[in-house]
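Hello,

Here is the structure I promised to send over. My notes follow below it.

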Amino acid sequence: RNLLGNQPLHHDDGTISCYTNPGAGVKRPRNDTGNKLTVVLGAQWGDEGKGKVVDLLATESDIICRCQGGNNAGHTVVVDGKEYDFHLLPSGIINSKALSVIGNGVVIHLPGLFEEAEKNEKKGLKDWEKRLIISDRAHIVFDFHQAVDGLQEVQRQAQEGKNIGTTKKGIGPTYSSKASRTGLRICDLLADFKDFSMRFKNLAQQYQAMFPTLEVDVDGQLKKLKEYAERIRPMVRDGIYFMYDAINGPPKKILVEGANAALLDIDFGTYPFVTSSNCTVGGVCTGLGIPPLNIGDVYGVVKAYTTRVGIGAFPTEQLNEVGELLQTRGHEVGVTTGRKRRCGWLDLVILRYANMINGFTAFALTKLDILDVMDEIKVGVSYKLNGKKIPYFPANMDVLQKVEVEYEKLPGWKSDTSACRKWEDLPVKAQNYIRFVEIHVGVPIKWVGVGKARESMIQMF
């Protein structure tokens with residue numbers, strides 16, 4: 001039989017033919033129409049300045065989406081001298097002409113969402129509820145998820161002498177509930193509240209059985225959740241149909257704002273010191289319910305040096321005056337946790353690895369101005385293990401701790417770049433640094449950031 005299950009016919013001349021439905025088995029061209037999504041992703045350990053790149057692109061976007069993570073992300077955007085902090089809201093919410101989407105892959109802490117909106121309203125954010133769309137398939141972060149997050153960290157510290165360094169925002173426990181099929185989604189909250197209440201109680205009891213010290217005010221929580229349900233009801237949509245219409249309707253610019261970064265990805269990051277979602281390009285498809293075909297440009301955001309919050313291997317870390325200088329000059333303190341970030345030289349092994357996974361169209365290189373005072377700048381170009389170069393990024397943390405980084409030294413430019421607005425304005429040695437990164441990673445650099453404001457992103461092409 002042929003692939004369609006049709007009976008083959010044997011002819012006298014030895015040839016064989018098949019009856020098929022007319023047109024069946026003919027390869028149809030893939031439907032290459034529809035709007036493409038532009039994606040912005042972190043290429044290191046987060047805190048690369050994704051908010052700024054998103055903000056730059058959001059000004060001309062019609063729809064801005066979040067596809068994974070929760071309020072463990074922290075994006076700071078400066079507009080007209082005002083600093084807005086976003087954790088769960090897409091940072092494009094500032095754009096009054098655009099719609100903002102929280103996709104099914106995002107986990108939502110409702111009190112956190114409203115608290116964040118209120119804080120930003122005080123700074124001038126208006127009518128955000130009219131511009132926000134929430135997928136009905138997104139999972140809900142409950143207060144007890146956050147409490148459990150803290151308890152698990154205490155447990156890890158006691159058992160292993162180290163924790164993961166989570167933001168204690170309940171993200172991991174919520175994704176655990178999702179994977180163990182005990183989680184509750186926005187659609188459940190908006191359906192039969194009696195049924196929701198029962199499932200909520202069961203979930204709370206499960207956690208209380210595991211953590212005897214956990215206290216949950218079930219009735220108090222449910223009362224609040226019922227209020228939140230009515231507040232978000234007008235914003236909730238079927239995310240799949242919404243995205244399908246957005247892609248296949250009239251021309252639109254659609255932007256996806258990644259949270260966290262490649263080396264915090266649950267599959268590809270420095271496990272177990274990672275987040276609990278896919279923050280690489282695959283998370284865009286699963287977190288919004290869209291085909292890979294509709295992904296257009298994928299921009300990687302890279303800081304001109306490397307930082308990491310919390311613990312875990314960090315090959316180019318500088319536990320010396322260089323690290324301290326980067327930390328103080330770069331104001332390297334976490335937006336979400338307020339923790340000091342660990343600092344080190346730029347690591348190209350990481351960038352090549354992130355590019356293998358994400359297939360970046362181009363990079364945005366941020367915070368170049370922080371390097372303005374350096375006499376000499378080092379760049380990690382390869383790893384050695386037991387004296388031998390290794391052609392990959394090690395999966396195992398103990399192995400990664402042991403690698404020896406091979407550095408290339410570049411001369412510093414020793415001048416202030418913060419007023420530069422185009423490529424020609426940059427000192428030659430700064431231009432050389434940028435070109436060095438492009439050549440060694442094989443990804444062009446489209447933007448260079450030299451300061452906090454919108455204007456301080458130099459566009460290269």
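Start with helix α1, residues 50–58. Eight of its nine residues are buried, so the helix is largely enclosed by the rest of the structure. The buried ones are Lys-50, Gly-51, Lys-52, Val-53, Val-54, Asp-55, Leu-57 and Ala-58. Buried here means under 20% relative accessible area. Please keep in mind that this is a predicted model.

Next, the cavities. Rolling a probe the size of a water molecule over the atoms shows where empty space is left. The structure has two cavities of 30 Å³ or more.

The largest cavity holds about 50 Å³ of space. Its lining is made up of His-109, Pro-111, Val-141, Phe-142, Asp-143, Gln-221, Lys-224, Leu-225 and Tyr-228. Helix α8 (residues 218–232) gives the largest share of that lining, with four residues. By class, five lining residues are nonpolar, two are polar and two are charged.

The second largest cavity has a volume of about 40 Å³. Around it sit Val-101, Gly-103, Asn-104, Ser-135, Gly-239, Met-243, Gly-287 and Leu-288. Two elements, α9 (239–248) and α10 (282–288), each give two or more residues to this lining. Here the classes are three nonpolar, five polar and no charged residues.

Now the second largest pocket. About 320 Å³ of space lies in it. The lining counts 13 residues, and His-87, Glu-115, Glu-116, Lys-119 and Lys-169 lie nearest the centre of the pocket. Which helix supplies the largest share of the lining of this pocket? Helix α2 (residues 110–122) does, with five residues.

Last, a helix pair. Two packed helices are described by the angle between their axes and the distance between the axes. The axes of α2 and α8 come within 10 Å and cross at roughly 55 degrees. That angle makes α2 oblique to α8. The crossing of the two helices is left-handed. Both have come up already: α2 gives five residues to the lining of the second largest pocket, and α8 gives four to the lining of the largest cavity.

That is what I have for now.

Best wishes

How values were computed
Residues are numbered from 1 along each chain as its sequence is written. This is a predicted model: local features need pLDDT of at least 70, side-chain atom pairs count only at pLDDT 80 or more; totals for chains, interfaces and linings use all residues. Side-chain values use heavy atoms; hydrogens and water are left out. On a 1 Å grid over the protein atoms alone, a cavity is a set of points where a 1.4 Å probe fits but cannot get out, and a pocket is an open set with protein on both sides within 12 Å along at least five of seven lines; lining residues have an atom within 4 Å of a point. Grid points are joined across faces, edges and corners, and a volume is the space filled by probe spheres set on the points. Buried means under 20% relative accessible area, exposed over 50%, partly exposed in between (1.4 Å probe, protein chains only). Ala, Val, Leu, Ile, Met, Phe, Trp, Tyr, Cys and Pro count as nonpolar, Asp, Glu, Lys and Arg as charged, and the others, Gly among them, as polar. Axes are lines fitted to C-alpha atoms, for helices over the stretch in contact, and angles run from 0 to 180 degrees between N-to-C directions. Angles under 35 degrees count as roughly parallel, over 145 as roughly antiparallel, 65 to 115 as roughly perpendicular and the rest as oblique. A crossing is left-handed if the near helix is turned anticlockwise from the far one by less than a right angle, and right-handed if clockwise.
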